[in-house]
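Me: I want a close look at one part of this model, with the cut-offs stated. Please start with the ring contacts and then work through that part and the charge pairs around it.

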Amino acid sequence: MKEKREWIHTIANASFYAAILIEVMIVIVDKSNYTNPIEGRLFQLTFVLCFVKVCLTRYTFREYGTIFLFGIIGAVSYFVTGRNELLRLIILIAACKDVDMRKCLKVIFWLTLAGCLGIILLSVSGIYGNISLTADFGRGGVETRYALGMGHPNALHCMVWALTALGLHLYGNELKWYHYLEFFVVNIGVFCLSFSRTSLLTGIFTIVLSFLVSGKRSEAIKKAGAWIGGLAAAGSIVVSIVFAANAYRVYNYAWHLYGEEPDKITRLFVKLDRVLSGRIRILTETDSWEGAIGSWSLFSRPDADRYFDLGWVRLFYWYGVIPAGICIMILFVLILYCYRKKQYSAIALIAAFSVYTVIEAHGVSDYLARNYMIFLVGQYWCQMLSKESEHENSNG
């Protein structure tokens with residue numbers, strides 16, 4: 001019987017890691033100039049592999065109930081919108097039970113890093129991929145920015161930022177102060193190539209926050225960093241909703257629909273839109289203002305498939321208010337749990353992704369392996385449900 005359980009455990013883990021490796025490879029291919037013709041089939045394969053892991057894993061009654069409940073929500077979303085990401089997400093998180101998640105994230109980190117370096121080498125050697133792009137990037141003129149094979153300069157700096165955030169989460173406690181300075185210099189250096197202001201600023205925020213919550217800093221400093229991270233995560237969502245609710249102001253200003261000089265609030269949103277390279281105004285560039293708050297619904301709809309950069313807004317628009325609200329609720333339950341357990345680096349990673357998601361939708365996409373917050377939920381969801389955890393929290 002023991003040998004049988006070991007075989008089951010081996011098959012389950014092999015199935016899970018096969019799914020993760022495929023998901024990461026899909027992300028790497030997507031970041032290159034190559035168009036993957038079998039991407040949809042690969043997503044189906046990773047879903048099946050994770051489902052095999054779930055079938056071979058033992059759960060408590062409470063855990064089974066949670067999987068069933070969220071499975072219903074994912075199924076409703078699928079039948080209403082035709083999007084299967086929530087179902088894939090739920091099965092992936094469920095499959096994370098009994099997995100060494102730090103080991104899994106290290107696999108994701110090193111494989112993603114190797115893949116990105118491979119794309120860069122192919123580009124600079126002239127084998128495949130554009131080194132640079134010369135175009136009007138929405139900043140008032142034609143400019144040359146470097147992509148190094150990543151398809152777009154923003155994608156280059158985005159991957160540097162994402163790997164920085166994950167690397168600091170995994171190895172932050174082992175680093176000295178000058179290592180953080182090196183991360184800062186790399187971030188500046190990549191900005192000189194990509195000119196991606198979003199990734200530069202969020203990169204600085206990520207490095208500073210990780211420095212505060214990692215290493216041998218005092219408990220007071222770490223808690224302060226965790227509070228900053230939690231407030232930044234909450235603020236990022238509020239700001240995104242405000243953008244979606246006030247997109248009409250930018251539209252009215254652009255089309256001179258004000259009978260008189262626009263008010264101070266409108267002028268503020270117009271300035272923000274310019275800083276964000278038109279990311280707010282783009283919500284009003286379709287007849288039905290796809291993405292603006294008036295286009296949101298409880299479970300979205302099949303034709304709500306427009307792409308734009310505001311990540312949190314895309315979450316509400318693509319999946320609906322109910323699924324987005326549940327995702328956000330889970331995120332803040334996770335932040336509170338990590339705060340109680342003193343897992344401050346996890347809060348820093350969540351905060352980094354939350355702030356970045358205001359302006360870019362890197363973490364809100366078909367590609368689950370791009371969003372490392374998913375794996376944090378997978379790491380802790382069983383612990384958050386356990387009675388032992390509830391008992392510990394109630395006592396302290």
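How many aromatic pairs does the count come to? And which helices do the buried residues of α4 pack against?

Reply: The model is predicted, so local features need pLDDT of at least 70 and side-chain atom pairs pLDDT 80 or more, while totals for chains, interfaces and linings use all residues. Residues are numbered from 1 along each chain as its sequence is written, and side-chain values use heavy atoms, without hydrogens or water.

The count comes to 25 aromatic pairs. One of them is Phe 43 with Tyr 367, a tilted pair at 5.8 Å centre to centre and 55° between the planes. Phe 43 belongs to helix α2 and Tyr 367 to the loop between α14 and α15, so this pair ties together parts 324 residues apart in sequence. Phe 43 has 7% relative accessibility and is buried; Tyr 367, at 11%, is buried as well. Trp 296 and Phe 316 form a stacked pair, with 4.6 Å between centres and 5° between planes. Trp 296 sits in the loop between α11 and α12 and Phe 316 in helix α12, so parts 20 residues apart in sequence are tied together. Trp 296 is buried at 14%, and Phe 316 is buried at 6%. Ring pairs also join Trp 161, Phe 353, Tyr 356 and Tyr 372 into a cluster. (Pairs are Phe, Tyr or Trp rings, the six-membered ring for Trp, with centres within 6.5 Å; planes under 30 degrees apart are stacked, over 60 edge-to-face, the rest tilted.)

Helix α4 is mostly covered, with ten of its eleven residues buried. (Buried is under 20% relative accessible area, exposed over 50%, partly exposed in between, with a 1.4 Å probe and protein chains only; helices are DSSP runs of H or I with at least four residues, numbered from the N terminus.) Among the buried residues of α4 are Glu 85, Arg 88, Ile 91 and Ala 95. The buried residues pack against α1 (2–31), α2 (39–55), α3, α12, α13 (321–340) and α15.

With α2, the packing angle is about 35° and the axes are 8 Å apart. (Axes are lines fitted to C-alpha atoms, for helices over the stretch in contact; angles run from 0 to 180 degrees between N-to-C directions.) On the α2 side, the residues that meet α4 are Phe 43, Phe 47, Cys 50, Phe 51, Lys 53 and Val 54. Their counterparts in α4 are Leu 87, Arg 88, Ile 91, Leu 92, Ala 94 and Ala 95. (Contact is heavy atoms within 4.5 Å.)

Charge pairs complete the picture. The whole structure holds eleven salt bridges, each a side-chain nitrogen of Lys or Arg within 4 Å of a carboxyl oxygen of Asp or Glu. Asp 366 forms one with Arg 83, the closest N and O atoms being 3.4 Å apart. Asp 366 lies in the loop between α14 (344–359) and α15 (373–385) and Arg 83 in the loop between α3 and α4, 283 residues apart. Both Asp 366 and Arg 83 are buried. Salt bridges link Arg 83, Glu 85 and Asp 366 in a network, and Glu 85 is one of the buried residues of α4.

Glu 63 is in helix α3 (residues 61–81) and Lys 97 in the loop between α4 (85–95) and α5 (101–124), so the pair ties together parts 34 residues apart in sequence. Glu 63 and Lys 97 are both buried.

Definitions and conventions
Helix = DSSP H or I, 4+ residues; strand = E, 2+ residues; numbered from the N terminus.
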